[in-house]
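The following note sets out points for discussion on the model shown below.

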Amino acid sequence: MSAPAETRRNGITGIWDRMLSEEWQLKVGLVLFILALAFPLIDGNEGDIDAAANATAFAILALGLNIVVGFAGLLDLGYAAFFAIGAYTYGIFSSYQVQPEWSSFWEPFRWLGLVQQLHSSSGVDHVHFAVSFWLMLPISALVAAFFGVLFGAPTLRLKGDYLAIVTLGFGEIVPIVARNTPYLTNGAQGLNGVTTPSFFGYSFGVQSTPFYYVGLAMIVVLIFVSMRLKDSRVGRAWMAIREDEIAAEAMGVNRTRLKLLAFAIGAGFAGSTGTFYVAKLQTATPEMFMFPVSVMLLVMIVLGGMGSVAGVVVGAVFLQLLQSWFLQDLTQGVHWLGRVTGIGLLERVDLVQSIELIFGIILVLMMLYRRQGLIPARRDVHALTLAQQTAVPSRGGIKGEMKPLHRKAIDPGKPLLQISGLRKAFGGIQAVRGLDLTVMPGSIIAVIGPNGSGKTTFFNLVTGLTQPDAGKVLLAGEDITGLKPDAIVERGVARTFQNLRLFANMSVMENALVGVHSRTTTGALGAVFRPPWVKREEEAARQHVLGVISIFGNRLMPRVQHLARTLSYANRRRLEITRALVTEPVLLLLDEPTAGMNPTETLELTDQIRDLRERGVTILLIEHKLNVVNEIADRVIVLDHGEKIAEGTPAEIQRNKEVLSAYLGRTAATAAAAS
Amino acid sequence: MNSWDILLQQIINGVSLGAMYSLLALGFTMVYGIIELINFAHFNVFMVGSFIALWLMQAMGIVGQSTILYGLPLIGVLVLVLVVTMLGAGVLGVAIERVALRPLRGVSGTAPMITTIGLSYIIYNLVLLNVGADTKNFSNPLPNIPWAIGGATLRLREVLLWGVSLVLMMGLHYFVRRTKMGKAMQATAQDQEAARMMGVDVDNVVVITFFLGSALAGAAGLIFGLYYNYTSFVIGYTAGLRAFTAAVLGGIGNIPGAMLGGILIGLIESLGGQYLEVRWTDVIIFSILVLVLVFRPSGLMGRTAPSKS
């Protein structure tokens, strides 16, 4: 019985999703923008324009918070604190609140037009701060961003819920400090007489229309910045962190720096908005920046879709309209209903007062039924048809020419990787004890051993995901022991994970592009302004990724726009290898690359791994399938209980007694040796 | 009062507040221990608890502080109000879990926590709609019996409050350590999957956890009313955040830690209010929250750092 209802729901969602395709979004966005531009001319009501001008502030805040929460996945429940910091920065430096005594110290500032000299009848002159609004917009952004970095540096390593709580604590502290420092902020009464901006001599005064246009301009700037950032090296690194911090780091993303960057950019926009909002209201009280503001912004983002720029704009506009428009009319209706039905509660209810109830309901319903938001940041690409899947039958070894995969010159006569005395214990368990290993360039070394013998820990130690207790790891003579994973990637070591750590909600192309992170340099400014060198870098990165993807013939090529979570298991393995290869490694660590592949696919991958060696990549691989090991490994090392019990060619290892007893037990080993 | 008497008085006050925060912190810590969720709805379960107690007493004709009871009637009324309040709050907690949180079990990331923020808002505003924004005079049948200890005063309600909190906490401790269901809870907290394999009904454990945690929050709500002689729809947020800080301070997920953390936060509030300034106590408490999470996320008594990402 439920089937038809299900289909209908999907149908409606389907139409909605189609309506929100990229072209549609652009068209709808343009129409909305023109409407927004014309709004003060169409609607002459000063009250409406005033509400709209206030609303722009919250739309800017929502867009700023979206960079932090939606892009980088850092749930910030104290975002209003940065709004407050920006607001008070402007409020204090453009009002009569703080008036130090005049001295010659202030002369240069007067000359710059930042302060005025107040004459008083008592003979002591005072300073009046009168910094221009237009100057304070960027300054308050810098101040707020500074606080963002100051607060973020120690806290951003906390994860998920914990970060949310810490930011909530910060968000509580800032308004209390504002209330408790009345000489700066006039405490709970609030700052008064904040200077209103003027534009080439035209003072904004108490009019709303100029503020509305300033706000609108800021929204447009922020949409532009968000769009540019999202589709850039920086944005991809943020999303990678959001999806899987460990994998992002192992692919060369410096997560501390990028999280701080997101936090600082978000805080900066909040700071500017604070200046804008205070200039408009000409007052600032601590109550304007409390927890409910942060929650309201969160509701806007959740409603529209986390990480979706269009969604956040729609969410912000909708909630503001709801608050200042729909609810008043709706309240009339409900009162009427109350009178007719005689239900007292309905007669008394004021929906405008109940806006927080509606926020709560929106949060719960969205989380239960549509977590991706009304306009999701991501839409699934349709699956390939059978014909598309089998279109190009080129599979097998690497076809066609490829540029060398690494850029570091390697001396073939010297060892590439030297490990000595490597040791790691987890509590009482010695996962790796005193491992020594030398790997020559251009070889394929297989690491085998029973489960729990320390193979993956060994990989984690080499790639920096785990810090060793003792021992040294030298890469081409350079000591890389204890370096952070992203620094090790930069030096030319890349890896895949045994249990697959792809960025599930990013496309195949984006996953691979994260691998290029450590080889490219575009920063936030470059991403936003996109100068020619950034365009060239981006284009080269994409070409590089396509080149590497072509290793796997038509396995991944037709799917570059698909989300990683829609791939088959074998294709996920291939994508992980691709992502590792685009980091241009000299040393590639493959952790069970053929797990979950059928015999044909295993053979195919075996050929490809061998071809990689031909292209100058040295390979360490953990593998359980011994036929693969025998096929491609130059040398095999066997681990058991964290120790290397044997090393040699595959043929030697097959005859090694100790290996047999480690795998089969002593009795069986003796029997096997006897037969 | 000399300065020692003031100190003693503030310690008495602090322990009383602390007992309340401990009860409230237990709910946070138990839920976190089992399903690694920070439950913002818990704030307002506490607030609803205080209203259930108030309505109940009003229904029994106890209004304001004028109806004073002694002896058996007093004990009878208090036990009845406590039990019904705890049941009511417990049922509310279970309803929250069942309706809004169970469908999100296993969803990674912050979605479940965002849901609890939404639930908290809903409860808060529904109460506001029904009772109005004004502060409510709380019914209090306790006689005002003071004992002088030096210059400080210990009143009956404080002794009673300590007693009730102690009994509830010991009961919880016994339940978790000694009963079969308690063992199932401990197992689920350690490893949900393994507990399920061993035949533990995890859904049932989660329901019991929410019930117990919320019931304790209800008891804390009653205690709040009896202690301050008022209640209001806004009490959940401040008390809830302080109790949450207590849970973090003690080591979230750790039941004795929550009790210790609660007492410490109570003492910080009363002593900070006395020796520093009241207006800075919240800054101190939230700074503790931030500092503990940053420098010692496992808290004072926790063994392992939180691992959820």
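Among contacts in chain A between residues at least 6 apart in sequence, what percentage join residues at least 24 apart?

1. Basis and contact range. This is a predicted model, in which local features need pLDDT of at least 70 and side-chain atom pairs count only at pLDDT 80 or more, while totals for chains, interfaces and linings use all residues. Residues are numbered from 1 along each chain as its sequence is written, and chains are lettered from A and ligands numbered from 1 in the order in which they are written. The answer to the opening question is 75%, where a contact requires C-beta atoms, placed from the backbone, within 7 Å.

2. Overall form of chain A. The C-alpha atoms of chain A fill a box of roughly 105 × 75 × 50 Å along the principal axes. Chain A has 28 helices and 14 strands; these are DSSP runs numbered from the N terminus, with helices (H or I) of at least four residues and strands (E) of at least two. Of the 675 residues in chain A, 47% are buried. A residue counts as buried with 20 or more other C-beta atoms within 10 Å of its own, as exposed with 12 or fewer, and as partly exposed in between, the C-beta atoms being placed from the backbone.

3. Domains. Chain A is divided into domain 1 (43-94 + 131-369), domain 2 (98-130) and domain 3 (417-674); such bounds come from an automatic or database domain assignment. Between the C-alpha centres of domain 2 and domain 3 of chain A there are 66 Å.

4. Interface. Contacts between the chains involve 32 residues of chain B and 35 residues of chain A. On the chain B side, the elements giving two or more residues are helix H4 (111-131) and helix H11 (278-295) of chain B. H4(B) gives the most to that side, with twelve residues. By class, the chain B side has 22 nonpolar, seven polar and three charged residues. Here Ala, Val, Leu, Ile, Met, Phe, Trp, Tyr, Cys and Pro count as nonpolar, Asp, Glu, Lys and Arg as charged, and the others, Gly among them, as polar.

5. Nonpolar core. The largest nonpolar core has 291 residues, a core being a set of buried Ala, Val, Leu, Ile, Met, Phe, Trp, Tyr and Cys residues joined through C-beta atoms within 7 Å. Those with the most contacts inside this core are A:Ala62, A:Ala262, A:Leu297, A:Val299 and B:Ala219. H3(A) gives the most to the core, with 15 residues. Beyond residues up to four places away in sequence, A:Ala262 touches A:Ile67, A:Val68, A:Phe71, A:Ala72, A:Leu74 and A:Trp238.

6. Packing of H3(A) and H14(A). Helix H3 (residues 46-71) and helix H14 (residues 309-341) of chain A pack at an angle of about 145°, with axes 9 Å apart. Axes are lines fitted to C-alpha atoms, for helices over the stretch in contact, and angles run from 0 to 180 degrees between N-to-C directions. The H3(A) residues in this contact include A:Phe58 and A:Ala62, and those of H14(A) include A:Val313 and A:Gln320. The contact has eleven nonpolar, four polar and no charged residues.

7. Packing of H20(A) and H23(A). The axes of helix H20 (residues 508-515) and helix H23 (residues 569-581) of chain A come within 7 Å and cross at roughly 35°. Among the residues making the contact are A:Val508 and A:Ala512 of H20(A) and A:Leu575 and A:Arg579 of H23(A). This contact comprises five nonpolar, three polar and one charged residues.

8. Positive phi values. Most residues other than glycine have a negative phi. A:Gln282, in the loop between helix H12 (255-281) and helix H13 (291-304) of chain A, has a positive phi near 60°. A:Gln282 is partly exposed because it has 18 C-beta neighbours inside 10 Å. A:Leu500 has a positive phi near 50° and lies in the loop between strand E10 (493-495) and H20 of chain A. With 19 other C-beta atoms within 10 Å, A:Leu500 is also partly exposed.

Conventions: Contact = placed C-beta atoms within 7 Å.
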